[in-house]
Amino acid sequence: MQELTEKEATNREVVRRMFEVFSTGDLAVIDEIVDPNLLSHNPHPGTTNNREGLKQQISFLRATFPDARFTEEDVVVEDDKVFLRWSMEATDRGGYMGRAPTGQSIKHQGQEFLRLKDGRIVEHHGEESNLEFLDKLGARSEDGSPGVSARPH
Amino acid sequence: MNAVTELSPKELVLGFVDILQSGRVDLVDALFDPAFRSVTRPLVGDDDTREGLVRDILALRQAIPDAEFTAEEVIAQREKVYLRWRMVGTHLGRLLGVEPSGARVSHYGQELFTVARGRIVARIGQEDRLELEHKLREEAERAPSAAPTR
């Protein structure tokens with residue numbers, strides 16, 4: 001079995017802690033493990049592509065889905081790069097992107113690719129099954145558009 | 001070519017990118033296990049097997065014949081390989097329910113592959129089809145006359 005190097009194990013732990021914040025909402029951890037100049041290539045709609053944007057996204061998700069339960073499905077670590085595939089089960093209590101709460105329970109999944117430097121996250125590529133997600137919430141219009149405002153609360 | 005390869009997990013995945021790029025679906029069996037299953041939503045139908053993968057590649061090559069794929073990132077740990085790819089090409093055939101627009105489109109996705117017995121046995125893809133669908137619809141509405149008649 002291919003063992004992780006010390007650096008890889010550290011990076012894997014940093015990503016685990018970042019992912020945990022999505023469940024706890026403890027944004028102080030983000031300040032600790034994410035570089036202020038984080039470059040996110042796929043920021044959540046309505047958020048900025050830096051560390052503050054990540055914190056906005058987490059706050060938005062916690063407000064929309066306060067009971068969200070996240071699970072790590074797969075992790076791949078190589079040198080300064082970490083891939084994470086996750087799933088989420090949650091209930092829409094706060095309303096997604098300006099819509100009224102539906103009370104609907106959903107399952108969702110996504111993938112994140114992160115690059116780290118000196119034990120901090122500096123770059124992010126994210127991807128979620130947005131089409132399915134919007135369908136689950138009944139938020140996609142018939143013409144295929146998201147049917148929601150681009151800016152969360 | 002059906003013999004089990006001796007390629008590393010990373011080489012197998014890069015071979016898949018080559019197939020996407022070339023359309024050489026005759027090479028799929030060499031890289032993908034007969035028991036292969038895909039969790040990526042197919043472009044056409046709902047076949048999650050190796051045969052469904054071939055149909056998907058052919059459908060994509062038909063819709064975007066000049067598609068150029070680039071592996072932007074590949075990392076591996078044991079039997080798992082992560083791939084982030086980018087594709088650019090010209091929309092010349094029906095795709096995702098959108099008629100051909102003749103427009104240049106760019107798209108990207110992330111995938112996780114699992115390798116066993118020297119071949120790829122699983123693929124979990126994630127790409128924003130909604131974004132691609134919107135790009136195609138916008139282009140089709142903007143320049144319908146650019147679409148070929150086939």
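**Figure 1. The hairpin of S4(B) and S5(B) in the predicted model.** Two residues lie between strands S4(B) and S5(B) in this hairpin, and Arg117(B) takes a positive phi near 55 degrees there. The model shown here and in the other figures is predicted. Strand S4 covers residues 104-116 of chain B and strand S5 covers residues 119-126; seven bridges pair them in the antiparallel sense. Within this pairing, Thr114(B) faces Ala122(B) of S5(B). Strands of a sheet pair through backbone hydrogen bonds, either parallel or antiparallel.

**Figure 2. The open sheet of chain B.** In which order do the five strands lie in the sheet? The order is S1-S5-S4-S3-S2 of chain B, in an open sheet with mixed pairing. At the edges are strand S1 (32-38) and strand S2 (68-77) of chain B, each of which pairs on one side only. On average, neighbouring strands of this sheet are turned by 25 degrees against each other, with direction ignored. Helix H1 (residues 9-22) of chain B packs on the sheet and touches S2, S3, S4 and S5 of chain B. The direction of this helix makes about 165 degrees with that of S2(B). Inside the sheet, S3(B) and S4(B) run antiparallel and are joined by eleven bridges. In that pair, Arg86(B) stands opposite Tyr108(B) of S4(B).

**Figure 3. Two loop residues with positive phi.** Most residues other than glycine have a negative phi. Asp79(A) is not a glycine, yet its phi is positive, near 55 degrees. This residue lies in the loop between strand S2 (69-78) and strand S3 (81-91) of chain A. Is Asp79(A) buried or exposed? Asp79(A) counts as exposed because 12 other C-beta atoms lie within 10 Å, and a residue with 12 or fewer such neighbours is classed in this way. In chain B, Arg78(B) has a positive phi of about 50 degrees, although Arg78(B) is not a glycine either. Arg78(B) is found in the loop between S2 and S3 of chain B. With 12 C-beta neighbours inside 10 Å, Arg78(B) is therefore exposed.

**Figure 4. The largest nonpolar core.** In soluble globular proteins, nonpolar side chains tend to be buried together. The largest nonpolar core in this model has 48 residues. Which members touch the most other members of the core? They are Val82(A), Phe83(A) and Ile121(A) from chain A, together with Val81(B), Tyr82(B), Phe113(B) and Ile120(B) from chain B. Strand S3 (residues 80-90) of chain B supplies the largest share of this core, namely five residues. For Val82(A), the contacts beyond four places in sequence are with Asn11(A), Arg12(A), Val15(A), Val75(A), Val77(A), Leu114(A) and Leu116(A).

**Figure 5. Helix H3 of chain A and its surroundings.** Helix H3 (residues 51-64) of chain A contains 14 residues. From its first C-alpha to its last, H3(A) reaches 20 Å, close to the 20 Å expected at 1.5 Å a residue. Which residues of H3(A) are buried? They are Arg51(A), Leu54(A), Gln57(A), Ile58(A), Phe60(A), Leu61(A) and Thr64(A). The buried residues of this helix pack against helix H1 (6-24), helix H2 (27-33) and strand S1 (34-40) of chain A.

**Figure 6. Chains A and B as whole chains.** Chain A has four helices and five strands, and chain B likewise has four helices and five strands. Along the sequence, the pattern α-α-β-α-β-β-β-β-α is read in chain A and also in chain B. Buried residues make up 27% of the 153 residues in chain A and 29% of the 150 residues in chain B. Among contacts with a separation of 6 or more, residues 24 or more positions apart account for 53% in chain A. In chain B, 59% of the contacts between residues at least 6 apart in sequence join residues at least 24 apart.

**Figure 7. Confidence in the prediction.** The predictor gives the complex an ipTM of 0.81 and a pTM of 0.84. Chain B averages a pLDDT of 87, and 88% of its residues score at least 70. Over residues 145-150 of chain B, pLDDT stays under 50. For this stretch, the model has ten contacts beyond four places in sequence. Where pLDDT is low, the predicted coordinates should not be read in detail.

Note on methods: Residues are numbered from 1 along each chain as its sequence is written. Chains are lettered from A and ligands numbered from 1 in the order in which they are written. This is a predicted model: local features need pLDDT of at least 70, side-chain atom pairs count only at pLDDT 80 or more; totals for chains, interfaces and linings use all residues. A nonpolar core is a set of buried Ala, Val, Leu, Ile, Met, Phe, Trp, Tyr and Cys residues joined through C-beta atoms within 7 Å. A residue is buried if 20 or more other C-beta atoms lie within 10 Å of its own, exposed if 12 or fewer, and partly exposed in between; C-beta atoms are placed from the backbone. Two residues are in contact if their C-beta atoms, placed from the backbone, lie within 7 Å. Two strands pair if DSSP finds at least two bridges between them. Axes are lines fitted to C-alpha atoms, for helices over the stretch in contact, and angles run from 0 to 180 degrees between N-to-C directions. pLDDT is the predictor's confidence in each residue, from 0 to 100. The expected span of a helix is 1.5 Å times one less than its number of residues.
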